[in-house]
Amino acid sequence: MKRAKQIIARLKDAGFEAYMVGGAVRDYLRGSVPHDIDVATSASPEQVKALFERSIDTGIEHGTVMILIEGQGTEVTTFRTESGYSDNRRPDKVEFVNSLQEDLKRRDFTINSMAMTEQMEIIDPFGGKEDLSAGIIRAVGVPQERFAEDALRMLRAIRFSGQLNFHIEPVTKRAIIEHAGKIQSVAMERIKAELDKVMVSPAPRISMGYLIETQLNRFLPSGGLFELDWSGYTASKDPLSGWFYLLHQNGEPFSAIREYRFSNQDKKDLQHALEASRLPLWDNWVYYSFTERQLTIAQATSHKTQAVKERQQALPIQSKSELAANGRDLMEWTGKKAGPWLKEWTLHIEKAVVERRLANDKEQIKDWFIDEYHRHT
Ligand code: ATP
Ligand code: MG
């Protein structure tokens with residue numbers, strides 16, 4: 001907030017209007033820390049750039065310049081309206097306007113259409129504050145028109161419902177039902193980004209409920225898969241948890257989600273976590289093959305959380321450091337100096353202990369080791 005205020009002060013000193021806008025104002029009023037603060041101003045992008053030492057043209061054709069202060073970026077956008085989303089990604093045309101009111105009008109929901117001065121005065125032409133305290137997501141203006149302009153807004157409404165634990169106002173909801181099919185024209189990465197946010201939101205069940213109630217899911221790739229009981233879903237910070245749950249509960253139709261264009265890493269982690277979730281879990285598998293992330297993802301189905309955790313805790317050892325014998329013991333028992341053999345034999349012992357062929361007991365390890373060692377050398 002400090003940097004945004006600094007930027008606003010500089011713009012105002014130069015005779016321009018400037019405000020904090022959108023999500024940051026919403027989050028500030030809810031008492032949560034905004035993760036980024038957007039600034040809207042009457043200054044043109046060129047005028048903005050001239051006032052600050054360091055800036056990046058992140059979206060200059062749409063009026064956005066990123067101002068860097070102490071290595072941190074704040075997006076400053078010229079008051080604008082926009083029209084036409086023929087590629088459903090970016091507006092075809094943005095028109096700079098000279099009033100904040102016009103700028104706020106183009107925004108999606110009342111709770112996202114407030115501005116704030118550097119003295120924390122709220123400018124709220126559409127009743128956003130009231131909707132915020134009532135927990136309502138309501139389109140600005142005529143919902144049908146707003147969703148026809150940009151179909152992604154329907155999915156954004158659904159995303160915010162889970163993120164904020166809000167409900168969607170009935171007229172807005174009705175418009176989603178009417179326009180649901182239009183989501184098909186929206187670029188996949190925009191859809192995926194919203195769904196990812198649902199997966200990590202505090203109340204994913206609310207979003208999933210709306211997705212199904214409005215039947216918007218029917219127009220998403222493999223959309224039928226979303227029709228699940230989400231009450232068993234335990235969200236993590238990783239959106240892949242949600243996708244894991246979706247696939248797991250549907251009997252792993254992995255092919256079905258090729259359309260969502262996961263990265264290769266995501267696909268690998270998903271597949272691995274799904275494999276692991278098929279009981280019985282082998283001890284070796286749990287011990288050697290789980291990355292932190294795969295473990296997190298696999299915990300999305302709550303009973304599996306228990307299974308994996310219990311299995312892990314029940315292992316004879318959790319890591320090599322818990323072995324009852326170490327490298328020094330092996331050197332003593334063989335009279336040999338350190339070398340590659342040490343690592344190799346430690347691994348043999350570790351494996352035997354994990355697989356319960358050998359107890360994690362120093363004397364027993366010694367007997368087992370001396371025996372095996374002499375047989376192999
Ligand atoms: P988050 O906390 O997820 O970042 P946010 O409200 O900041 O939520 P952004 O996607 O970062 O959401 O967008 C910033 C602001 O831009 C929104 O608050 C809203 O005012 C406006 N906005 C974003 N996307 C749209 C859209 N598709 N149509 C209309 N206004 C939008
Ligand atoms: Mg934001």
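How do the residues of the shell around ligand 1 divide into nonpolar, polar and charged? In this predicted model, the shell holds one nonpolar, four polar and five charged residues (Ala, Val, Leu, Ile, Met, Phe, Trp, Tyr, Cys and Pro count as nonpolar, Asp, Glu, Lys and Arg as charged, and the others, Gly among them, as polar). Its members are G22, G23, D38, R107, D108, N112, S113, D150, L152 and R153, where a residue is near a molecule if its C-beta atom, placed from the backbone, lies within 6 Å of it. Domain 1 (1-126) and domain 2 (135-220) each supply at least three residues to this shell.

Residues are numbered from 1 along each chain as its sequence is written, while chains are lettered from A and ligands numbered from 1 in the order in which they are written. Local features need pLDDT of at least 70, side-chain atom pairs count only at pLDDT 80 or more, and totals for chains, interfaces and linings use all residues. The protein chain averages a pLDDT of 90, with 92% of the residues scoring at least 70; pLDDT is the predictor's confidence in each residue, from 0 to 100. For the complex, the predictor gives an ipTM of 0.98 and a pTM of 0.82.

Besides domains 1 and 2, the assignment lists domain 3 (228-315) and domain 4 (320-376); such bounds come from an automatic or database domain assignment. The C-alpha centres of domain 1 and domain 2 are 24 Å apart. Between them, eleven residues of domain 1 are in contact with 18 residues of domain 2 (C-beta atoms, placed from the backbone, within 7 Å). On the domain 1 side, four of these residues are nonpolar, three polar and four charged.

Leaving aside residues up to four places away in sequence, F244 touches L270, A273, L274, I297, A298 and A300.

Methods: Contact = placed C-beta atoms within 7 Å.
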